[in-house]
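Hi,

Here is the model I said I'd pass on.

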2 protein chains.
Amino acid sequence: MNRDDVLAAARRIAGRVHRTPVLTSRTLDAELGAKLFFKCENLQRTGAFKIRGATNAVRQLPRHVQAVATHSSGNHGAALALAAREAGLQAFIVVPSDARTSKRASIARYGATVVECEPTLAARAATLEQVVQDTGATFVPPYDHPHIIAGAGTAALELLADCGPLDQIWAPVGGGGLAAGTALAADASEVILAEPELARDAKDSLEAGELRPALPPRTIADGLRTGLGTLNFDILQRNGCRALLASESSIEHWTERIAQIMKLVVEPSAATTLASMADNPGVVSGRVGMLLSGGNL
Amino acid sequence: MNRDDVLAAARRIAGRVHRTPVLTSRTLDAELGAKLFFKCENLQRTGAFKIRGATNAVRQLPRHVQAVATHSSGNHGAALALAAREAGLQAFIVVPSDARTSKRASIARYGATVVECEPTLAARAATLEQVVQDTGATFVPPYDHPHIIAGAGTAALELLADCGPLDQIWAPVGGGGLAAGTALAADASEVILAEPELARDAKDSLEAGELRPALPPRTIADGLRTGLGTLNFDILQRNGCRALLASESSIEHWTERIAQIMKLVVEPSAATTLASMADNPGVVSGRVGMLLSGGNL
């Protein structure tokens, strides 16, 4: 995969997703010591960047496909539901029984069928397999897939198109869809990944040079609890990306501060970028892009 | 005053204030039955449209002026503080002693001198007069002034430039700076004013054909508690604007809903537009601009 895949994704999803605004804040620039450009994917359709990858994936399905399925307790589920509805496809989303009502409601709002399962990885896999068998739906994975990665990378493409060259682009890393897509799109900008201390498998994997397993899901940045995907790890490693950690208290602080200063509702995963910047002084420098990944609380 | 005053203000403040984004939401379009375009002045510098008028006023002061003063417990104080600092002027802001610490802090953050007074209208006027006498500062009023009105109108100009013709533009009305500026800028669009039931002096004044006094400051939409200004009333009347009321519970509901659906932090005053739209079914129609006036909670 390379930048051309992201450029092709951008053409494919144009007009189907928002071109989100890029905002700036002189107050935060002064506080953090850089010129920051915030790409507001919290203002994206379904409230997160995930609609980019979902739309790019759905639009490349073979003609005979009439339904899609995935597992998600969060943003990917809502994104796939909407992308499928707009392509005239059915969607089945496997959701753990302990997922919040609001998440389930937003998946249902976009016309998908919610299929409940026990809140274990084994139950999730078994339920998804059953759904695929029963309905003939095609599985669209949440991050470990080239079409999802290329779609996610279009946010960084737009950021660069709107701001001109950037010295650094900071992106949160969980499963690694946004991170890998950004690495592909970044051109000459250094990509720096922001990761909660409590979910530090990406940092450990990149430093060890081999994929490390996910940690127990304890961080408040619920979008970043997932373990890094194989394809995602490969792309991040090839592009020489590094990950920096953020403490839980810092993630909480910056979630609140972005609302206060920038008047934007962001989820903790999105604030992890500013948190890791503040927790690792001396790294940020020059003209800097920030991917505010989502706003679903 | 006419549209040319707003066009001149736009040239004067260009590059000194943000050109704020215009956002859309298919969810809210479906809910309210119109195509809505939200002009996000909550994302403006200092978190509100007020910086437009303050900058337009400060940039037209005579050369010999070295300081400005005003009274404000809210957005105008912070806006004048910033506009003055950027023009190399001192600013003195008279703030009632019961104003929230956060408001005072944001005024001080922009380098102004905060002058405390007793929380009565008489004490406010006396303190401001004393400040002007002691310091030689020029009083820049919050809304009842042609430069403030023309500056505020630039938000609607940008909205029309970005969206093309609109059937209606909805703006909240308090003192009437944004309302009157919008009326001047609106071109062929109908301007509809949104006002809390508990602060209905604009509606009563426009229907009676004469200025009615302000009501006791009880609405949660704290930016709209002020009574309508004289010049503002005159402009609104001449342009045939009408005002529609919103209940307190509806204002609260839509403040929350804008955060949930649009991921924007807005103050209750800004949500009053959607609240009055929902409270007066059958009025909204076609392509509709919405002025989200501010985001300072």
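What covers the buried residues of α3(B)? The cover includes α1, β2 (35–40), α4 (75–86) and α7 (146–163) of chain B. Before the rest, some housekeeping. This is a predicted model, where local features need pLDDT of at least 70, side-chain atom pairs count only at pLDDT 80 or more, and totals for chains, interfaces and linings use all residues. Residues are numbered from 1 along each chain as its sequence is written, chains are lettered from A and ligands numbered from 1 in the order written, and side-chain values use heavy atoms, with hydrogens and water left out.

Back to α3(B), then: 9 of its 9 residues are buried (under 20% relative accessible area; exposed is over 50% and partly exposed in between, with a 1.4 Å probe and protein chains only). Among them are B:Lys50, B:Arg52 and B:Asn56. Helices here are DSSP runs of H or I with at least four residues, strands are runs of E with at least two, and both are numbered from the N terminus.

Helix α1 (residues 3–13) of chain B packs on α3 (residues 50–58) at about 85°, with the axes 9 Å apart. The axes are lines fitted to C-alpha atoms over the stretch in contact, and angles run from 0 to 180 degrees between N-to-C directions. The two helices are therefore roughly perpendicular (65 to 115 degrees). On the α1(B) side, B:Ala9, B:Arg12 and B:Ile13 meet B:Arg52, B:Thr55 and B:Asn56 of α3(B), contact being heavy atoms within 4.5 Å.

Now the pair of chains.

Lastly, B:Arg287 sits in strand β10 (residues 287–292) of chain B and is partly exposed, at 31% relative accessible area. Its C-alpha is 7.9 Å from that of B:Pro165, 122 residues away along the chain. Leaving aside neighbours within four places in sequence, B:Arg287 has contacts including B:Lys35, B:Phe37 and B:Asp167.

Cheers

Methods:
Angles under 35 degrees count as roughly parallel, over 145 as roughly antiparallel, 65 to 115 as roughly perpendicular and the rest as oblique.
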